[in-house]
Amino acid sequence: MGPIELIVSAVVILLVGSGVTFFTALYKKNQPELLGIISTIFVGISGVFIIISSLMVFIGGVSSREALYMVPAIGASFLVYVDNLSAIFLFLIGLISILSTFYSVKFMSIPYYKNMNMIGFYPILLLFYVSIIIVVTVNDMFFFFLGWEF
């Protein structure tokens, strides 16, 4: 499995985790600890994938470029590119996302946040991580703006 496949897997895991936390927040209201644990599991797995992919680029010198999706009408292609610079940022994204999600479990269980609906925090947080990964790895301006505005 190359760095691109690991990054795509991490994005898919985060998207699935966002859906799981969304539906869990719908049916299990006022349980921020449960949502935090679920989010931490999904972010932890995807963060490890991202860190491994960045280390593969550092160690192996692998510079991958792969088109995953094309929009021929406007000439845009979802071209994922991982070089040494994006690998540095991917490493930081993986590490910081794991740590911040882990920290948010206890933070969101503070009595001030305990009665709030968590549907607006954990699913959005996981989608935010997806958009950061897209901004760092995509090599096309159209999809860069989609990730930036996402």
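Author: One term before we start: contact means heavy atoms within 4.5 Å. This is a predicted model, where local features need pLDDT of at least 70, side-chain atom pairs count only at pLDDT 80 or more, and totals for chains, interfaces and linings use all residues. Residues are numbered from 1 along each chain as its sequence is written, and side-chain values use heavy atoms, with hydrogens and water left out.

Reader: OK. What is Tyr122 in contact with, leaving aside neighbours within four places in sequence?
Author: Thr21, Pro32, Leu35, Gly36, Ser39, Ser104, Val105 and Met108. Tyr122 also belongs to the largest nonpolar core. Such a core is a set of buried Ala, Val, Leu, Ile, Met, Phe, Trp, Tyr and Cys residues joined through side-chain atoms within 4.5 Å.

Reader: How many residues are in that core, and which touch the most other members?
Author: The core has 32 residues, and Leu14, Phe78, Val82, Leu90, Tyr122 and Ile133 touch the most other members. Two or more residues each come from H1, H2, strand E2 (76–82), H3 and H5. Helices (H or I, at least four residues) and strands (E, at least two) are DSSP runs, numbered from the N terminus.

Reader: New topic. Is Thr101 buried or exposed?
Author: Buried, because its relative accessible area is 0%. Buried means under 20%, exposed over 50%, partly exposed in between, with a 1.4 Å probe and protein chains only. Thr101 lies in helix H3. Beyond four places in sequence, Thr101 touches Ser39, Thr40, Val43, Leu125 and Tyr129.

Reader: And where is Thr24?
Author: In helix H1, residues 3–27. Thr24 is buried too, at 15% relative accessible area. Its side chain reaches the backbone oxygen of Val20 at 2.6 Å. Not counting residues up to four places away, Thr24 touches Leu34, Leu35 and Ile38.

Reader: How many cavities of 30 Å³ or more does a search find?
Author: One. A cavity is a set of points on a 1 Å grid over the protein atoms alone where a 1.4 Å probe fits but cannot get out; lining residues have an atom within 4 Å of a point. The largest cavity has a volume of about 30 Å³, counted as the space filled by probe spheres set on the points.

Reader: Which residues line the largest cavity?
Author: Leu14, Val43, Ser46, Gly47, Ile50, Ile93, Ser97, Tyr129 and Ile133. H2 gives the largest share, four residues. By class, the lining has six nonpolar, three polar and no charged residues. Here Ala, Val, Leu, Ile, Met, Phe, Trp, Tyr, Cys and Pro count as nonpolar, Asp, Glu, Lys and Arg as charged, and the others, Gly among them, as polar.

Note on methods
On a 1 Å grid over the protein atoms alone, a cavity is a set of points where a 1.4 Å probe fits but cannot get out, and a pocket is an open set with protein on both sides within 12 Å along at least five of seven lines; lining residues have an atom within 4 Å of a point. A polar contact is a pair of N or O atoms within 3.5 Å; within protein, one must be able to donate a hydrogen and the other to accept it, and residues adjacent in sequence count only if both atoms are side-chain atoms.
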